[in-house]
Amino acid sequence: MQRRFVLLLTVVGALALAVVVTACGSSKKSSSTSTGSAGASTTSSSSGSGGGKIALLLPENRTARYESQDRPLFEARVKELCPNCSVLYSNAEQDAAKQQAQAEAAITNGAKVLVVDAVDGRAAASIVTRAKQSKIPVIAYDRLISNSDLDYYVSFDNRRVGELQATSLVNRLRADGSRGNLVMINGAPTDANAAQFRAGAHSVLDSSGFRIAREYDTPDWSPDRAQAEMDQAITALGKTGFVGVYAANDGTGGAAIASMRSQGIDPATRPTTGQDAELAGIQRIVAGTQYMTVYKAIRPEAQDSATFAVALAQGKTPDATLVNTRTNNGQKDVPSVILTPVAVTSRNINDTVVRDGYWTAAQICTSAYAAQCRRLGIQ
Ligand code: BGC
């Protein structure tokens, strides 16, 4: 009796499940069909070419990531999700006025959404205002745009980046038994991220027992400026007057290392930080001239932004499950995707950038680095 009842329940349950599955399947199918035709009709009516236009505005091209990672990864994801969409790409070469003009041009050219990595996080509020006048949504990419009606923000935990850099530096110096002065080379004063990196780093360095003897903000994140800053610090402190260098990214770190070299200082004796896991930075770590970098997986950053952008370009509501927090930009709590940065030293190159395919061992281990690569087990 009981057995029969269980059997009956199972049959009823299975039937119910089948009905639900069928319903879901058909609703999914119908929604994707309607998406496809909605996407196509919106775009064909607007552009005549059957594709929605997505503007990607990047801030500069002296830092390697933008042209080698952000742009290609973003474009590839857009193509994958929406073969008929097109990306209107511009690079502002560190010029905020140029970026404003590029945004205007993108709007005039029919962009349905702007993805902006702002040269100047305050000034770019006027880009958002302008876009909103034309009902165009804006995604802040990597750098927050303050006091503006942003739709989304996709970035990393940038304060954490500064903490990781400073903690690695201090731990290494303590392990070496070093004491004394540090030189601090921060990023561009106009970049919202740079302030976060600096604040995160100060939160560790200020109570570390090391003294920040010289500190610079580096306009435009320019490696040339960073090298001049380091030259100046060495002149002021003397060649033996500092034990390590906090540099906010690989561009400025590489510049500080070049400055040390040009003044006859062995950079291996002055641990220097970085950020971006640039190929050149990783190779300096392999060679022992740079101590660490911070790896930020740009793939999910670019892909999540592209996912938002495609949905917005098609007039749809983006996948809310990607959003993992909100970030206050002075005007609103902006739905955000905040990704986690990772510290990289010679010990975990394999387990981070190589494992992720960010760089292959073959790219890193060119002939000049082959011996050290073998020693570090990079393969
Ligand atoms: C980015 C860094 C980059 C720097 C210079 C920052 O906003 O987060 O990855 O190195 O700008 O372009």
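Trainee: Which strands does helix H7 lie across, and at about what angle does H7 run to S6?
Mentor: This is a predicted model. Helix H7, residues 223–237, lies across S6 and S7. Its direction relative to S6 is about 160°.

Trainee: In what order do the three strands of that open sheet stand, and is the pairing parallel or antiparallel?
Mentor: Strands S7 (211–217) and S8 (244–247) are at the edges, each with a single partner strand, so one side of each has no neighbour in the sheet. The pairing is parallel, and the order is S7-S6-S8.

Trainee: What span does H7 reach from its first C-alpha to its last?
Mentor: H7 has 15 residues. At 1.5 Å a residue the expected span is 21 Å, and the model comes close to that with 21 Å.

Trainee: Why are the buried residues of H7 on the same side, and how wide is their arc?
Mentor: The buried residues are Pro223, Ala226, Gln227, Glu229, Met230, Ala233 and Ile234. They lie on the same side of H7 because the arc they cover around the axis is only 160°.

Trainee: Which exposed residues does the opposite face of H7 carry?
Mentor: The cover over the buried residues of H7 includes S6, S7 and H8. On the face turned away from the buried side, the exposed residues are Thr235 and Ala236.

Notes. Residues are numbered from 1 along each chain as its sequence is written. This is a predicted model: local features need pLDDT of at least 70, side-chain atom pairs count only at pLDDT 80 or more; totals for chains, interfaces and linings use all residues. Two strands pair if DSSP finds at least two bridges between them. Helices (H or I, at least four residues) and strands (E, at least two) are DSSP runs, numbered from the N terminus. Two residues are in contact if their C-beta atoms, placed from the backbone, lie within 7 Å. Axes are lines fitted to C-alpha atoms, for helices over the stretch in contact, and angles run from 0 to 180 degrees between N-to-C directions. The expected span of a helix is 1.5 Å times one less than its number of residues. A residue is buried if 20 or more other C-beta atoms lie within 10 Å of its own, exposed if 12 or fewer, and partly exposed in between; C-beta atoms are placed from the backbone. The arc is that of the directions from the helix axis to the C-beta atoms.
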